[in-house]
Amino acid sequence: TGETGVGKGVAARFLHHNSRTRRDGPFEEIHITHYGDDVLAGLLFGAKKGAYTDAKTDIKGRLHMADKGVVFLDEIGDLGERSQSMLLQFLNSKTIRPLGGDKDIPLDVQIVAATNKNLRQEIAEGRFRLDLFQRLKVQPIEIAPLRERREDIWVLLRHFFAMSDRELR
C-alpha cells in the first residue's frame, strides 16, 4: 500500500525478480483502473470462443499466462464486485474457469496486489469484500512517500543516472 507514485509497481517487480521460486516464471501486471468489471473478468480468467460477442477465438487469461509466476494487480481497491468474487474463488481453489468454459484449470500463481486506498474503509462502506481482503493480506508492505524517506533520494538518483548512461552510451 502507499500513495500514488511511491513505487508499488517497482516493489512488485523487485519481489518477482528476487523470488527463488518465481523469478524464472512470467510476470503479469494488470492495472485494474484501465478496465471495466466485465472486461476485467475476461482479461483475468480468459474466455472461450463465443462466450461473448467479440470472443472470436479462445482467449487465455492473464492469470493463466502467469502460471508458475506472479500477477501484480495494481489498484486492487478499484476491483468491481463481480471480479472480487471471481478473484476470491480463484484464491480459494487455485483454479480458474474461463468465461464460457466447462472445465477448471489448476494454476500456481502468486498474487501481489497494491492500492492507494484504505481498504478497511472500503470494506466498512461496502465497496470491498472482507473475505477477499483477508485472503490478500498475507504480508502487507507499506511504502512511504519519498518525502518521508529522504535518505533514498541519492540512491535513486545514482540508479537513474546509471540507467540513463547505459541507455545513452
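## Basis

Residues are numbered from 1 along each chain as its sequence is written. The model is predicted, so local features need pLDDT of at least 70 and side-chain atom pairs count only at pLDDT 80 or more, while totals for chains, interfaces and linings use all residues, and side-chain values use heavy atoms, with hydrogens and water left out.

## Helix α1

Helix α1 spans residues 8-17; helices (H or I, at least four residues) and strands (E, at least two) are DSSP runs numbered from the N terminus. Lys8, Gly9, Ala12 and His16 of α1 are buried, where buried means under 20% relative accessible area, exposed over 50%, and partly exposed in between (1.4 Å probe, protein chains only).

The buried residues of α1 pack against β1 (27-31), β2 (70-74) and β5 (110-114), with contact taken as heavy atoms within 4.5 Å. Val10, Phe14 and His17 are exposed on the other side of α1.

## Nonpolar surface patch

Phe14, Leu15 and Ile141 form a nonpolar patch on the surface, with about 300 Å² of accessible area together. Accessible areas come from the Shrake-Rupley method with a 1.4 Å probe, and for residues only the protein chains shown count as cover. Patches are made of residues with over 30% relative accessible area and no salt bridge; like charges are joined within 9 Å, and nonpolar side chains (Val, Leu, Ile, Met, Phe, Trp, Tyr) within 5 Å. Phenylalanine 14 counts as exposed because its relative accessibility is 54%.

## Salt bridges

Side chains of opposite charge can pair when their charged atoms come close. The whole structure holds twelve salt bridges, each defined as a side-chain nitrogen of Lys or Arg within 4 Å of a carboxyl oxygen of Asp or Glu. One of them joins aspartate 108 and arginine 22 at 2.7 Å, N to O. Aspartate 108 lies in the loop between β4 (105-106) and β5 and arginine 22 in the loop between α1 and β1, so this pair ties together parts that are 86 residues apart in sequence. Arginine 22 counts as buried at 13% relative accessibility, and aspartate 108 as partly exposed at 33%.

Lysine 117 forms a salt bridge with aspartate 78, the closest N and O atoms being 2.5 Å apart. This pair links distant parts of the chain, 39 residues apart: lysine 117 is in the loop between β5 and α5 (119-124), and aspartate 78 in the loop between β2 and α4 (81-93). Lysine 117 is partly exposed at 30% relative accessibility, as is aspartate 78 at 32%. Glu122, Glu125 and Arg127 are linked in a network of salt bridges.

## Positive phi angles

Lysine 68 has a positive phi of about 75° although it is not a glycine. The residue is found in the loop between α3 (62-65) and β2 and is partly exposed, with a relative accessible area of 49%. The side chain of lysine 68 also meets that of aspartate 67 in a salt bridge (3.6 Å, N to O); aspartate 67 is partly exposed at 23%.

Glutamate 75, also a residue other than glycine, has a positive phi near 65°. Glutamate 75 is in the loop between β2 and α4 and is buried, with a relative accessible area of 12%.
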